[in-house]
Amino acid sequence: MVKTINDLCAILGYDKDQLKSVIEKYSSYYYQYSQIKKDKTTNKPIVKNGIVQKRVYNPSRGELKNLQGRIQTKILTRVPLISNIQGGIKRKSSIGNANFHKGSIYRFQTDITSFFPSISRDMVFRALRSKGFSKQVSNIIAELTTLKKNESDITFLPQGTKTSPMLANIVFEKTDLQLLELIKEKDIIYTRWFDDLTFSSKNDFHDLIPSMIQTITKNGFKISRGKTSYRKNKSVITGVVAGLSTLKVSDDFRNKDEKSMGELQILGRKSYKDQVYRTSKKKT
């Protein structure tokens with residue numbers, strides 16, 4: 001991994017003064033917008049305690065966006081990660097993620113609440129250090145990829161930047177490894193698609209669920225109780241119905257009326273259905 005600031009500058013194509021200039025005014029490169037969260041089944045806004053829930057995005061622009069793009073393509077994509085991590089990885093798909101769990105009988109699924117905002121600058125720094133980056137380089141990358149919340153000292157991975165998904169993977173890998181240690185020799189399959197965690201097995205493993213949740217929460221993350229379930233026979237995994245022997249598109253996907261859709265959207269849906277069918281035939 002990158003050891004010196006000179007190496008970092010050479011990789012990114014920026015000199016030290018240019019990096020310093022961007023870091024000094026990094027917050028000015030961000031802008032914000034929000035989108036209403038909708039239920040995937042009903043497509044209606046999600047409301048909690050009378051408040052419509054929104055997802056906040058903080059994309060970057062200008063020199064910071066350019067720098068983050070180079071950090072992503074030239075550095076972060078080359079950081080080795082365990083194969084259980086599926087989201088944000090080249091040549092991996094949500095369909096392939098679901099296919100790992102085809103043939104299982106029992107499935108435990110959970111979701112991390114506010115995944116990116118849960119990850120602080122310090123967590124990014126420590127994760128990069130664990131991957132072999134020097135203190136100086138880890139510090140600079142953390143500065144260039146995290147954002148302060150308003151005027152507070154709270155820092156977080158912003159949603160909407162090129163670097164956040166991979167940095168989140170690098171940070172959460174520590175938890176992934178602890179979960180894998182917990183289920184070792186238990187004949188349980190585990191994959192993670194960004195903030196969606198899925199465990200499955202041909203054997204009942206409900207007694208391990210409290211320990212799984214405890215492992216996640218002790219690392220500073222919260223699970224979404226509404227998106228946590230333990231099911232038998234089949235379930236929807238990253239948008240695909242995984243059964244005992246096949247994968248199928250979900251009822252929500254199948255029931256959408258194509259009359260109001262454009263030609264390209266209809267072709268896209270057909271391609272997706274075909275991909276689900278082809279993947280279902282593959283062995284994991």
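The model is predicted, so local features need pLDDT of at least 70 and side-chain atom pairs pLDDT 80 or more, while totals for chains, interfaces and linings use all residues. Numbering starts from 1 along each chain as its sequence is written, and side-chain values use heavy atoms, with hydrogens and water left out.

**Exercise 1.** Find which residues of α3 are buried, and what they pack against.

- Take buried as under 20% relative accessible area, exposed as over 50% and partly exposed as in between (1.4 Å probe, protein chains only).
- In α3, that picks out L64, L67, Q68, G69, I71 and Q72.
- Contact means heavy atoms within 4.5 Å; the buried residues of α3 pack against α1 (5–12), α2 (16–24), α6 (135–145) and α7 (164–182).

**Exercise 2.** Classify the ring pair Y26 and Y30.

- Rings of Phe, Tyr and Trp (its six-membered ring) pair if their centres lie within 6.5 Å; planes under 30 degrees apart are stacked, over 60 edge-to-face, the rest tilted.
- The count comes to 12 aromatic pairs by this rule.
- For Y26 and Y30, the centres are 6.3 Å apart and the planes at 90°, so call it edge-to-face.
- Both Y26 and Y30 are buried.

**Exercise 3.** Do likewise for Y106 and Y230, then check how exposed each one is.

- Y106 and Y230 sit 6.1 Å centre to centre with 15° between the planes: stacked.
- Y106 counts as buried because its relative accessibility is 16%.
- Y230, at 29% relative accessible area, is partly exposed.

Methods. Helix = DSSP H or I, 4+ residues; strand = E, 2+ residues; numbered from the N terminus.
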